[in-house]
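Hi everyone, thanks for coming.

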Amino acid sequence: MLDVLSLVITLIWIAGTCVRIYRQARFYQIEEYMSGRYLRWLFAKRDRWLPTRPNAAALIGSVFAFLSEAPESVFPAIIGIVAALIAVIPPGEGEIKKKFRATDRAKRMLGAAFVVMALVMLLIFAGLVSAISNVEFRGIALTLAGLLVFLCAPLFLIAGNLLMTPVEAFFRRQFINRAQRVLERVNPTVIGVTGSYGKTTTKTYIAHILNGRYHAYPTPKSYNTLMGVCIAINNDIANDQRVEYFIAEMGAYVPGEIQRIAELTHPTISVVIEVGPQHLERFGSLENVAIAKYEIIKALPPDGVGVFNWDNPYVRQMIERGYPATRLTVSKTVDPANPPPNPPRFVASEINETLDNLIFRVTDLETGASEVFVTSVIGEHNVTNILLATAVAVHEGMSLKEIAGRVRGLQPAESRLTRQVDANGVTVINDAYSANPVGVIGSLKVLALHQTGKRLLITPGMVELGSLMEQENRKLGEIAAQHATDVILVGAQQTEPIKAGLLSAGFPADRLRVVETLAEAVNWYQSNLKAGDTVLFLNDLPDTYSA
């Protein structure tokens, strides 16, 4: 009977640890299965790796079992069962923005983690049962061993991932080879797009404009990793032999990632949008970011085409390297009537933004052609994205007039400065996908265009900017003070620089609120804003920042 109760204690800890492993897998997945990044997140807060309730339950249960007056009875084991149940009951997960995706890889990893953990716990059980005859001490030992295994759940998760590495490498190679065969069969012109920000928007614009004459397919959503690009190829291009242009978004967290995507896709046209501090904490310096982004240019054949944002100083340095021979450049800052030496080819001027339209003139300084572009897409930073798409389309044979017609039908990418009016008449501007030092200025200018009521900014600030994060977030606060009438900051710790910037710029303290969750901010806006008011959602942090 006592051995059965000991086994019950062990099984409870196994079940609870499985739940903990599964919950931790969501954060491991958000960190892209990179163990170093995941462990840095895990150990950043004590309650992530050493939660209070399981420790308290196990320790208190052990004390009660030790003080039991009937050590040879089932009472110590019963205490161990109760303590284990209290310890492993999972707490509420709170606000979940990104659910765990049960991909085949994730399932294999979890299966391996569960098996390793269960074997360890069962070996501990067998060892303790054979080594400790005193029921009281055995129950205490099992409880403490169960707690230790429970706390090690993140390590079992990493172990499961490591054990599956050879298996994943095999499947990965097969998947890449399949994508290579698809591209060889369909043989589309590949356009690579990269930049610290603006990749998804520019990619979408290129595809929309080219589809006025050709059949173009862009990688969906924000698929910009090697596997993401392979998914797009294997799932979509494989079933559509008509694709003439494949626009591949290429992202990078470390040097070499863009090179690997380019080795798969072999772009003949490459677009570089911006080099900025996005993900700077991973690259270490802007120079390293520029090196990583330049991989997309190095991958071009000598007769390929490089398309560059002349306004970015780091991108301008790429232009000056002289490769490839055909380099198309764009600018929204150069005066077409007074261009500098070696000017950019496509220039935007007379830029005017209203609540309904973004209007500007595009001039091809090489041919002298000029057209007025009108689009319902908002945000002045989108002028650069449209110019880059224009350069690609002109090179592929479309006229400025034809392109201007396509630009009228542009739509913003998902969660990137989209607008709608809710049931209460409040204008909601959704720019929650990501925030960067360039985009936030354009977003706040759009907010300022709304003059009929309150202008509420809801933001958790910008992240992954490395050593520039505090400085850039303080600037965000200073700029927001000029454009918003009310501000809600989500997360007290990471938004402290924004708060400092707001107050230093003279923003009224009574119009500033700090909350801990996005749900609190939404509740406040829904309760306090009325018809004619506007709210801008600027950025939305992943769950690793709120957990």
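Val 428 stands opposite Val 535 in β15. That contact belongs to strand β11 (residues 427-431), which runs parallel to β15 and is joined to it by five bridges. A quick word on what we're looking at: this is a predicted model, where local features need pLDDT of at least 70, side-chain atom pairs count only at pLDDT 80 or more, and totals for chains, interfaces and linings use all residues. Residues are numbered from 1 along each chain as its sequence is written, and side-chain values use heavy atoms, with hydrogens and water left out.

Strands here are DSSP E runs of at least two residues, helices H or I runs of at least four, numbered from the N terminus; two strands pair if DSSP finds at least two bridges between them. Strand β12 (residues 455-459) also pairs with β15 in the parallel sense, over four bridges, and there Ile 458 stands opposite Phe 537.

So, is β15 buried or exposed? Five of the five residues of β15 (residues 534-538) are buried, so the strand is largely enclosed by the rest of the structure. Buried means under 20% relative accessible area, with a 1.4 Å probe and protein chains only. In a regular strand, side chains alternate between the two faces of the sheet. Here, Thr 534, Leu 536 and Leu 538 point one way, Val 535 and Phe 537 the other.

Now the second largest pocket: α1 gives the most to its lining, with seven residues.

Definitions and conventions
Buried means under 20% relative accessible area, exposed over 50%, partly exposed in between (1.4 Å probe, protein chains only).
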